[in-house]
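Subject: A structure for you to look at

Hi there,

I promised to pass on a structure for you to explore, and here it is. Have a look around first, and then read my notes below.

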Amino acid sequence: QVQLVESGGGLVQAGGSLRLSCAASGRFFSLGTMGWYRQAPGSQRELVATIISGGTPNYADSVKGRFSISRDNAKNTVSLQMNSLKPEDTAVYYCYANYRDIPIRSLEVWGQGTLVTVSS
């Protein structure tokens with residue numbers, strides 16, 4: 001069973017920056033895609049950014065050029081650097097990971113969520 005623990009949310013003014021971090025722990029055969037999704041009040045959860053091991057990051061159009069995702073495979077962590085934040089970035093941000101507990105089985109796990117609030 002894999003668990004994801006997030007940190008780094010909070011309140012920031014528009015134009016400011018925040019960094020989110022997520023660490024995976026537990027027993028697993030391999031970690032696949034890791035990333036971040038967000039859910040604003042009254043909206044569906046949406047992709048923010050994902051990254052595979054050794055692969056090119058994938059970003060939502062709304063955050064391209066402002067957010068940067070990175071991954072440390074040795075530490076099983078993924079981070080999201082958020083710059084030039086806008087009020088519309090306000091949401092609960094969820095860490096996501098796809099992993100294999102055994103070579104033939106792929107599973108998904110979500111973090112508990114961390115609130116990011118951007119004031120205008």
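What follows is a short tour of what was found. Please keep in mind that this is a predicted model.

**The disulfide**

Let's start with the cysteines. A disulfide is a covalent bond between the sulfur atoms of two cysteines. The count for this model is one disulfide, and it joins cysteine 22 to cysteine 95, with an S to S distance of 2.1 Å. Cysteine 22 belongs to strand E3 (residues 18-26) and cysteine 95 to strand E9 (residues 91-102), so the bond ties together parts that are 73 residues apart in sequence. The torsion about the S-S bond is about -85°, which means that the disulfide is left-handed. Are its two ends buried or exposed? Cysteine 22 counts as buried, at 1% relative accessibility, and cysteine 95 is buried too, with a relative accessible area of 0%.

In soluble globular proteins, nonpolar side chains tend to be buried together. The largest nonpolar core in this model has 29 residues, and Trp36, Leu80, Met82 and Tyr93 have the most contacts inside it. Several strands each supply at least two residues of this core, among them E1 (2-7), E4 (30-39) and E5 (46-51). Which strand gives the most to this core? That is E9, with five residues.

Next, find arginine 66 in the loop between strand E6 (58-59) and E7. Its relative accessibility is 11%, and a residue under 20% is called buried, so arginine 66 counts as buried. What does its side chain reach at 2.9 Å? The answer is the backbone oxygen of serine 84. The side chain of arginine 66 also makes a polar contact of 2.7 Å with the side chain of aspartate 89. Setting aside neighbours within four places in sequence, arginine 66 is in contact with Gln81, Met82, Asn83, Ser84, Leu85, Lys86 and Asp89.

Most residues other than glycine have a negative phi. Serine 84 sits in the loop between E8 and E9 and is partly exposed, with a relative accessible area of 39%. Asparagine 76 is not a glycine either, and has a positive phi of about 55°. You will find asparagine 76 in the loop between strand E7 (67-72) and strand E8 (77-82). Asparagine 76 is partly exposed, at 22% relative accessible area.

**Leucine 115**

Finally, look at leucine 115 in strand E11 (residues 114-119). Leucine 115 is partly exposed, with a relative accessible area of 49%. Not counting residues up to four places away in sequence, leucine 115 touches Gly9, Gly10, Ala91 and Val92.

Enjoy exploring, and write back with any questions!

Best wishes

Notes:
Residues are numbered from 1 along each chain as its sequence is written. This is a predicted model: local features need pLDDT of at least 70, side-chain atom pairs count only at pLDDT 80 or more; totals for chains, interfaces and linings use all residues. Side-chain values use heavy atoms; hydrogens and water are left out. A disulfide is a pair of cysteine sulfur atoms within 2.5 Å. Helices (H or I, at least four residues) and strands (E, at least two) are DSSP runs, numbered from the N terminus. Buried means under 20% relative accessible area, exposed over 50%, partly exposed in between (1.4 Å probe, protein chains only). Contact means heavy atoms within 4.5 Å. A nonpolar core is a set of buried Ala, Val, Leu, Ile, Met, Phe, Trp, Tyr and Cys residues joined through side-chain atoms within 4.5 Å. A polar contact is a pair of N or O atoms within 3.5 Å; within protein, one must be able to donate a hydrogen and the other to accept it, and residues adjacent in sequence count only if both atoms are side-chain atoms.
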